[in-house]
Amino acid sequence: MRCLLGCLIALLGACTHAKVPTTTAASSATGSPAAAATGSEIPASGATETSPKGHGHPQPDSSSSETGSRHEFHRPTHRFEDAQAWSQVFDSPERDVWQKPDEVIAQLHLTPDAHVADIGAGTGYFTVRLAQAVPRGRVLAVDVEPNLVTFIQRRAASDGLTNVEARLAPTDDPQLPPGLDVVLVVNTYHHIAERPAYFRKVRQALAENGRLVLVEWRMGKQEHGPPDDHKLPPEVITSELAEAGLELCREWDELPHQHVLFYGTHCQGAAKHQP
Ligand SMILES: C[S@@+](CC[C@H](N)C(=O)[O-])C[C@H]1O[C@@H](n2cnc3c(N)ncnc32)[C@H](O)[C@@H]1O
């Protein structure tokens, strides 16, 4: 059991770069970290796998495009169904050492009444910290996994965080309310398909000086994180987000394995969350 847990924690990076299964999502994606540890769907760092289309990044599922539902065009390309098990990974205290969540939150310069969204919130690792940083504000946690949404709702209730709302969203639309000061996306950007269209919707939800903040893996072999063909270089991200009408305003370069990139509709102006 201890070995399994250790493997899961070591796979934190791997789970965050889950590739598009080479078989159908329905048949191969179990959403189980145990399955991940066996390599059935998620490669350990450095593991070789059949390279999927798009270097492991989500692709449109054309087979479901004829359903007639606007939001069924993409299925989640990797599933995170077992919330308890994923929590052992995402919320591992060992992650804090390199993830430095409090320093990341400090970089957001949130005012206590800020309105924030956490897209791909997972088990709420950042959601709960954001909620503590905005005691008079709101945090909307968005995910595509019903079990994770329920997990966050229970976690927030148990922590007495009344300013958290966890919401299930389709894969192609975070369905954000307008007027957000910060939208945080951690280790999730590369899981999203059709990113310019998706982040155009995010841009429309930003307040006048609001910021989209991405935390994404650095290129190169790292102690944590996926192999390079699952990552996106920052210049690719910035180019995709330019298509969405977002400009790179700032980069915070103090995390060992990840970039922290700040985007806005324009980079001038004192935002509510800026110092
Ligand atoms: C690697 S986890 C990161 C979780 C969390 N941000 C963290 O740092 O602990 C990626 C999360 O993104 C979610 N996800 C994947 N595709 C998504 C999409 N299109 N929209 C929103 N969330 C998505 C997954 O369900 C999963 O919870």
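These are my notebook entries on a predicted model of a protein chain.

**Ground rules.** I number residues from 1 along each chain, as its sequence is written. The model is predicted, so I take local features only at pLDDT of at least 70 and side-chain atom pairs only at pLDDT 80 or more, while totals for chains, interfaces and linings use all residues.

**Confidence.** I looked up pLDDT, the predictor's confidence in each residue, from 0 to 100. The protein chain averages 78, and 69% of the residues score at least 70. I noted residues 1-32, where pLDDT stays under 50. The model has 78 contacts beyond four places in sequence for residues 1-32; a contact means that two C-beta atoms, placed from the backbone, lie within 7 Å. Residues 270-275 also stay under 50, with 20 contacts beyond four places in sequence.

**Overall make-up.** I find 11 helices and 7 strands in the protein chain. Both are DSSP runs numbered from the N terminus, helices being H or I of at least four residues and strands E of at least two. Of the contacts with a separation of 6 or more, 73% join residues 24 or more positions apart. Buried residues make up 45% of the 275 residues. I use buried for 20 or more other C-beta atoms within 10 Å of the residue's own, exposed for 12 or fewer, and partly exposed in between, with C-beta atoms placed from the backbone.

**Sheet.** What is the order of the strands in the open sheet? I read S3-S2-S1-S4-S5-S7-S6, with mixed pairing; strands pair if DSSP finds at least two bridges between them. S3 and S6 (247-252) are the edge strands, each pairing on one side only. From one strand to the next the twist averages 20°.

**S2 and S3.** I checked S2 (residues 138-143) against S3 (residues 164-168): they pair in the parallel sense over 5 bridges. Valine 142 stands opposite arginine 167 in S3. Between S2 and S3 the chain passes through helix H9 (residues 146-158), and this β-α-β crossover is right-handed. Right-handed means that, with the strands pointing away from the viewer, the path from the first strand over the helix to the second runs clockwise.

**S6 and S7.** S6 and S7 (residues 258-264) pair in the antiparallel sense over 5 bridges. Glutamate 247 has glycine 264 in S7 as its bridge partner. Helix H11 (residues 234-243) packs on the sheet and touches S5 (206-217), S6 and S7. The direction of H11 makes about 20° with that of S7; axes are lines fitted to C-alpha atoms, for helices over the stretch in contact, and angles run from 0 to 180 degrees between N-to-C directions.

In H5 (residues 83-90) I list Ala83, Ala85, Trp86, Val89 and Phe90 as buried. Seen down the axis of H5, they fall within an arc of 160°, so they line one face of the helix; the arc is that of the directions from the helix axis to the C-beta atoms. In H8 (residues 125-133), 7 of the 9 residues are buried, so H8 is largely enclosed by the rest of the structure. Among them are Tyr125, Phe126 and Leu130.

**Two loop residues.** Is alanine 193 buried or exposed? It counts as buried because it has 20 C-beta neighbours inside 10 Å. Alanine 193 sits in the loop between S4 (180-186) and H10 (195-205). Threonine 111, in the loop between H7 (101-107) and S1 (115-119), counts as partly exposed, with 16 such neighbours.
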